[in-house]
Amino acid sequence: VQLQASGGGLVQAGASLRLSCKASGFNFHDYAVGWFRQAPGQEREFVAAISWSGGTTHYADFVKGRFTISRDNAKNMAYLQMNSLKPEDTAIYYCAAPKEDDSWYAEYVYWGQGTQVTVSS
């Protein structure tokens, strides 16, 4: 199982970014996908998750209305559209997956390498 996040960068507050998560080595359509982030000196925190079918999504309160998670099972890709970015969104963003057929709230056992998002004020 491999997950590779990309799309991060340096943007100004209010801007948008779309993160991508490329999956390989497994039946992507059988796995939920989550996005997490870790800011310097802070613990990793949940951002958003999507069910294997894409029919159910979940968000942390601090991103509701600003971020949208999606997936394209035909392309083995997941995405995180981030709008109205704030300086406090600065962090390394990771995509992850729980075990096959597990729900989005299960333990995440597969992790990508992360992509840096920096939002300047």
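**The aromatic rings and their surroundings**

Modeller: Trp-111 is partly exposed, with a relative accessible area of 29%. The model is a predicted one. Trp-111 belongs to one aromatic cluster, together with Phe-36, Phe-46, Tyr-94, Trp-104, Tyr-105 and Tyr-108.

The count of aromatic pairs comes to 10. One of them joins Phe-46 and Trp-104, with the ring centres 5.7 Å apart and 40 degrees between the planes, which makes the pair tilted. Phe-46 sits in strand E5, while Trp-104 is in the loop between E9 and strand E10 (108-111), so this pair links parts of the chain 58 residues apart. Phe-46 is partly exposed at 22% relative accessible area, and Trp-104 is partly exposed at 25%. For Tyr-94 and Trp-111, the planes stand at 80 degrees and the centres are 6.5 Å apart, so this pair is edge-to-face. Here, too, distant parts are linked: Tyr-94 is in strand E9 and Trp-111 in strand E10, 17 residues apart. Tyr-94 is buried, with a relative accessible area of 16%.

In soluble globular proteins, nonpolar side chains tend to be buried together.

Leu-80 in E8 is the bridge partner of Leu-19, and six bridges join the antiparallel strands E3 and E8. These two belong to an open sheet of four strands in the order E1-E3-E8-E7, paired antiparallel. E1 and E7 are the edge strands, each pairing on one side only. On average, and ignoring direction, neighbouring strands of this sheet are turned by 15 degrees against each other. Five bridges hold E1 to strand E3 (residues 17-24), and Gln-2 stands opposite Ser-24 in E3. In a regular strand the side chains alternate between the two faces of the sheet. In E1, Leu-3 and Ala-5 make up the covered face, whereas Gln-2, Gln-4 and Ser-6 are on the uncovered one.

The structure has four salt bridges, and a network of them links Arg-37, Glu-45, Arg-66 and Asp-89. Glu-45 is partly exposed, with a relative accessible area of 28%, whereas Arg-37 is buried at 6%. Arg-37 also meets Asp-89, at 2.9 Å, N to O. Arg-37 lies in strand E4 (residues 33-38) and Asp-89 in the loop between strands E8 and E9, so the pair ties together parts that are 52 residues apart in sequence. Asp-89 is buried, with a relative accessible area of 0%. Elsewhere, Lys-64 and Asp-61 form a salt bridge at 3.2 Å, N to O, and both of these residues are exposed.

Key
Residues are numbered from 1 along each chain as its sequence is written. This is a predicted model: local features need pLDDT of at least 70, side-chain atom pairs count only at pLDDT 80 or more; totals for chains, interfaces and linings use all residues. Side-chain values use heavy atoms; hydrogens and water are left out. A salt bridge is a side-chain nitrogen of Lys or Arg within 4 Å of a carboxyl oxygen of Asp or Glu. Buried means under 20% relative accessible area, exposed over 50%, partly exposed in between (1.4 Å probe, protein chains only). Two strands pair if DSSP finds at least two bridges between them. Axes are lines fitted to C-alpha atoms, for helices over the stretch in contact, and angles run from 0 to 180 degrees between N-to-C directions. Rings of Phe, Tyr and Trp (its six-membered ring) pair if their centres lie within 6.5 Å; planes under 30 degrees apart count as stacked, over 60 as edge-to-face and the rest as tilted.
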